[in-house]
Amino acid sequence: MPEVAVNPVPFFVVIGLYIVLMAGIGIYATRHTNTMQDYFVLSGKAGFIVSGIAYATTQYSMGTFLGTPGTIYGIGYAGMGINVPGVAFSLVIPAIFIGRRLVTLGHREGFLTLSDYLSDRYENKKMSGVLGVMMLCFLIPMMGAQILGAGILVNVFTGLPNWVGIVGMGVIVIGYCMTGGMRGAMMTDVVQGVLMFGAAIAAFVICLVMGGGMSSLNESLAKIGESFMTFPGANGAMPWGYYVSNILLWSFFTMGQPQLFTKFFAMKDHKTMFRSVILATVGMMLTCTMCSWAGVLGYPLIGELSNHDYIIPVIIQRGLPPVVASVFIAGIAAAGMSTIDGVLITATSAATRDIYQKFINPKASDEFIMKISRYVTIVIGVIVIIFGCAQPGSIFIINTFAFAGMAMFIVPVLFGMYWKKATCPAAIASIVSGVVTLIACTKVPALKAMIHGFHAVVPAAVVAAIVMFVVSLATQKYAASEETLKRHMLVN
């Protein structure tokens, strides 16, 4: 049952209008999508406003409005201590370490995906198949975490079962991604980014108005429990090791996320990239900070909820008239859609270009790949819908695990850019060993105890880096040629 009384009519009217707008953008994008480069990376012509908003909205998602505030709601200010510094550096760090090179290589070499980059750097097209499969294993849960949020929104505002929202959002995103590709995804990201920003402001302001101001709410929170005001948070949920490693996960390890690679490949030039990063960082700092604060202040304002992920939708619903609330809820839906569309395009490219064209059927033409990409988008989208309906965990837990899994790609990327001796066997071995370590340290109690409260991504990354170094030294006969090293390390 929903947490509050519902009036579904305004919700359906506003969401219906929103769907019409998204459909119109998809149709427009279709008419301007003629090549595979258009479909996957907008032919590398995206300007800084579109790139900046798309860069931010792909990185921050339904978790920004549901999973993260819901987690912070149950922890207190200690949880906010992770989100804010993580946001501050999550877009800047990739731009500094890998962004400039990826923009250059994307234009010069025609790269469309992360696997394009890695298979060219390590001179082995077959590795694209292995990498593509591993990407899909984490990209699908990442999208599943977003689509779970749609079920929550529909349940809160209409009383209908969660699966109705899950299926509805899945069909909408599949529709405009299938038709317009990256152009459709990035154009809708602009609209969605504006709505997301408005929803964050609304949630924070409602808390202050309904709660009598920040001081009053903080006093009420302290009365509920002093642990909400200090580290390690309520129930000791945020020990220092976990705190530090989560900041690393959401900032430094963003460099391993394949959907961000497509954004770099889509940017027009270096100037566009740096402007995009500034715009995206400022926008997301404001958005995430306000959402996180609303999560902290939501406990004394709303009280105990059966599902913590409901906190922001409930605040908005209780504090605004139904029609206005529905507009801002469309902004929260936009957060999930903006991430799903970018990740869905990345997953489609992994299946069609990385697995099929490079591994199964190298003779397949780009025109054929573009044609089947639309059908593959449907198949992957349906799998994501099924995953969401199964609801295997909370948004925060699923999203964090998927993000950590994709973070393992950071090792072959950074070694490939900055160390000439890195080899293909080492790249594959590092990712596999990192993922195995991540799963083991997450699921095996004895290993989990050995990492003393740190997130499993930390030992996983250490193991992956050691394996990369050792195996590279042992497999120098597979080292890339001087010509390839010059191209990738930008030695002219």
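Trainee: Which residues line the second largest cavity?

Mentor: Rolling a probe the size of a water molecule over the atoms shows where empty space is left. On a 1 Å grid over the protein atoms alone, a cavity is a set of points where a 1.4 Å probe fits but cannot get out, and lining residues have an atom within 4 Å of a point. Here the lining consists of Met143, Ile147, Gly170, Val173, Ile174, Ile340, Leu344, Gly381, Val384 and Ile385. Two or more of these residues come from each of helix H8 (127–158), H9, helix H15 (322–360) and helix H16 (366–390). Helices are DSSP runs (H or I, at least four residues), numbered from the N terminus. Do keep in mind that this is a predicted model: local features need pLDDT of at least 70, side-chain atom pairs count only at pLDDT 80 or more, and totals for chains, interfaces and linings use all residues. Residues are numbered from 1 along each chain as its sequence is written, and side-chain values use heavy atoms, with hydrogens and water left out.

Trainee: How much space lies in the second largest cavity?

Mentor: About 60 Å³. A volume is the space filled by probe spheres set on the grid points, which are joined across faces, edges and corners.

Trainee: What classes of residue make up its lining?

Mentor: Ala, Val, Leu, Ile, Met, Phe, Trp, Tyr, Cys and Pro count as nonpolar, Asp, Glu, Lys and Arg as charged, and the others, Gly among them, as polar. This lining has eight nonpolar and two polar residues, with no charged ones.

Trainee: What is the volume of the largest pocket?

Mentor: A pocket is an open set of points with protein on both sides within 12 Å along at least five of seven lines. The largest pocket has about 690 Å³, and Tyr242, Ile397, Thr400, Thr442 and His455 are the closest to its centre among 27 lining residues. Helix H17 (395–407) is one of the contributors, and H17 gives the most, six residues.

Trainee: Is Asn235 buried or exposed?

Mentor: Buried means under 20% relative accessible area, exposed over 50%, and partly exposed in between (1.4 Å probe, protein chains only). Asn235 has 81%, so this residue is exposed. Asn235 sits in the loop between H10 and H11, and its phi is near 60°, a positive value in a residue other than glycine. Pro232 is in the loop between helix H10 (214–224) and helix H11 (240–250) too, and the peptide bond from Phe231 to Pro232 is cis, with omega near 5°.
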